[in-house]
Every structure is written in structure tokens, then in C-alpha cells.
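User: I would like to learn how to read some features of a protein model. Could we take them one at a time?

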Amino acid sequence: GESNRGEGMLYFEKMKALIQGWRTVLNQGDFPFLFAQLAPFRYGGDVLALPMIWEAQVATLAVPNTGMAVLTDVTTVGDIHPPNKQAVGHRLALWALAKTYGREKLVYSGPLFKEMAVEDGKVRLKFDHVGSGLAARDGKPLTHFQVAGEDKKFVDAQAAIDGETVVVSAEAVPKPVAVRFGWHETAEPNLMNKEGLPASPFRTDRW
């Protein structure tokens with residue numbers, strides 16, 4: 001995991017190979033494969049290398065019968081191994097209860113980016129897994145959102161919850177075309193669903 005920083009989406013290919021390899025060797029079919037997203041940490045160097053691994057981990061959810069725990073809210077950016085293992089285990093257990101053991105109506109994931117739309121100089125973001133609604137973990141304005149125009153220069157943005165969506169804007173970017181969220185190795189954003197499960201970092205661009 002951590003040593004794969006810098007590989008970007010190559011890590012997605014490695015995850016697919018790992019999962020398929022274990023499933024082939026163990027010969028138990030497509031058994032559940034649950035994993036924890038890497039926690040924010042102050043590595044130094046390229047501060048975007050870790051977010052690109054997060055992106056590859058989210059992409060891995062496209063592999064059948066997989067699940068992922070997001071850890072951006074239980075981190076210690078000065079310690080590569082966050083001590084709050086209970087939250088990690090709980091979140092992985094939610095995936096297992098819902099997807100393996102058939103527990104219905106259980107919210108088992110935090111918000112995952114679904115799609116965006118530009119509306120009058122602002123960007124509206126839609127998510128899967130909003131649960132009973134979106135919320136800020138600390139009750140404060142949403143953090144770690146950025147927008148960019150066609151010049152591809154990202155600036156910090158204001159973001160507000162609007163129903164089951166988030167609306168993002170910045171005065172410096174009157175015509176936004178892309179959004180990034182939590183796109184930094186030490187980002188600890190506060191967007192979550194009301195069940196307390198944090199949103200995964202994401203970007204809408206592929207620049």
C-alpha cells in the first residue's frame with residue numbers, strides 16, 4: 001500500500017491481479033475481499049501521490065464482491081499507523097454485514113462521488129451512499145474542496161450541503177469545469193453521511 005505511492009492507477013491493476021490471484025488459488029469463487037483505504041499521512045515529496053492511490057482503491061470497488069473502509073477521519077498525519085483500529089474494523093464489518101450476510105437497509109459506506117453538473121458558475125455534486133443525509137462531521141463548513149476552470153488551476157472553494165448534494169463554488173473561478181475533494185496527502189475533510197461514515201476523496205478531472 002504505502003510503498004505504492006506514485007503508481008496512480010497502476011495500483012488498480014495490481015489490486016485486480018491480487019484479488020483474482022487469491023480467488024484463483026483458494027478456489028472458493030469470488031469470495032468477499034474487503035480492504036481499508038490508506039490513511040492520510042505526511043509523507044513529504046509529492047503531496048498528490050497518496051490521493052492517486054486513494055483513487056485507485058476506489059476504482060477497485062468495481063471488482064465484484066469487494067468493499068472499502070475510508071479512514072480520513074481517524075488518522076494521525078504524523079503516524080503512518082493510526083491507533084483507532086476499532087473504527088476500521090467496524091467499517092469493514094458493515095460491508096460484510098450488508099453485502100455478505102444480507103443485512104438489509106444497513107448503511108455500510110460513506111459518500112462516494114457519482115456525478116457533477118455545472119449550474120450558473122457553481123458545481124453540484126451527487127453521491128452514492130448518502131445514507132439518511134449528508135453532514136459535516138464537526139458541524140462546521142465543509143472543508144478540502146477545490147475547483148478549477150479551463151486553465152486547470154485549482155483554488156480553494158466554498159462548499160455547502162443542499163439536500164443530498166453538495167454545491168461548490170469559488171469567486172476566482174466563474175466558469176468551473178472540475179472539482180477535487182480531499183486531494184492532498186494530509187487532508188482530513190469533514191464531509192460524511194449522517195451515519196458517521198466519511199466521504200472518500202475524489203477528483204472529477206483526469207489532468
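Analyst: Start with residue classes: Ala, Val, Leu, Ile, Met, Phe, Trp, Tyr, Cys and Pro count as nonpolar, Asp, Glu, Lys and Arg as charged, and the others, Gly among them, as polar. In this predicted model, the lining of the largest cavity has 7 nonpolar, 2 polar and 1 charged residues. The model is numbered from 1 along each chain as its sequence is written, and side-chain values use heavy atoms, without hydrogens or water. Local features need pLDDT of at least 70 and side-chain atom pairs pLDDT 80 or more, while totals for chains, interfaces and linings use all residues.

User: Which residues line the largest cavity, and what is its volume?

Analyst: On a 1 Å grid over the protein atoms alone, a cavity is a set of points where a 1.4 Å probe fits but cannot get out; a pocket is an open set with protein on both sides within 12 Å along at least five of seven lines; lining residues have an atom within 4 Å of a point. Points are joined across faces, edges and corners, and a volume is the space filled by probe spheres set on them. Here the count comes to 1 cavity of 30 Å³ or more, with a volume of about 50 Å³. Its lining consists of Met68, Ala69, Val70, Arg91, Trp95, Tyr108, Ser109, Gly110, Leu197 and Pro198. At least two of the lining residues come from each of β2 and α3 (85-100); helices (H or I, at least four residues) and strands (E, at least two) are DSSP runs, numbered from the N terminus.

User: How much space lies in the largest pocket, and which elements supply at least two residues of its lining?

Analyst: The largest pocket holds about 320 Å³. It is lined by 14 residues, and Val58, Ala59, Leu112, Phe113 and Phe202 are the closest to its centre. At least two lining residues each come from α2 (49-59), β3 (112-119) and β12 (202-203), and α2 gives the largest share, with 3 residues. Sorted by class, the lining has 8 nonpolar, 2 polar and 4 charged residues.

User: Which residues lie nearest the centre of the second largest pocket?

Analyst: Ala39, Leu71, Ile80, His81 and Pro82 do, out of 13 lining residues. The space in this pocket is about 160 Å³. Its lining divides into 8 nonpolar, 3 polar and 2 charged residues.

User: What is the order of the strands in the open sheet, and which are its edge strands?

Analyst: The open sheet has 4 strands in the order β7-β6-β10-β12, paired antiparallel. Its edge strands are β7 (155-156) and β12, each of which pairs on one side only. Strand β10 (residues 178-181) joins β12 over 2 antiparallel bridges, and there Phe181 has Phe202 as its bridge partner. Phe202 is also among the residues closest to the centre of the largest pocket.

User: Where is Glu119 found, and why does it count as partly exposed?

Analyst: Glu119 lies in strand β3. It counts as partly exposed because its relative accessibility is 35%. Glu119 and Leu92 are 27 residues apart in sequence, and their C-alpha atoms are 36 Å apart in space.

User: Which residue in the loop between α2 and β2 has a positive phi?

Analyst: Most residues other than glycine have a negative phi. Asn65, in the loop between α2 and β2, has a positive phi, near 60°. With a relative accessible area of 31%, Asn65 is partly exposed. A further case is Lys152, whose phi is positive at about 65° although it is not a glycine. Lys152 sits in the loop between β6 and β7, and its relative accessible area of 48% makes it partly exposed.

Methods: Pairing = 2+ DSSP bridges. Buried < 20%, exposed > 50% of the residue type's maximum accessible area, 1.4 Å probe, protein only.
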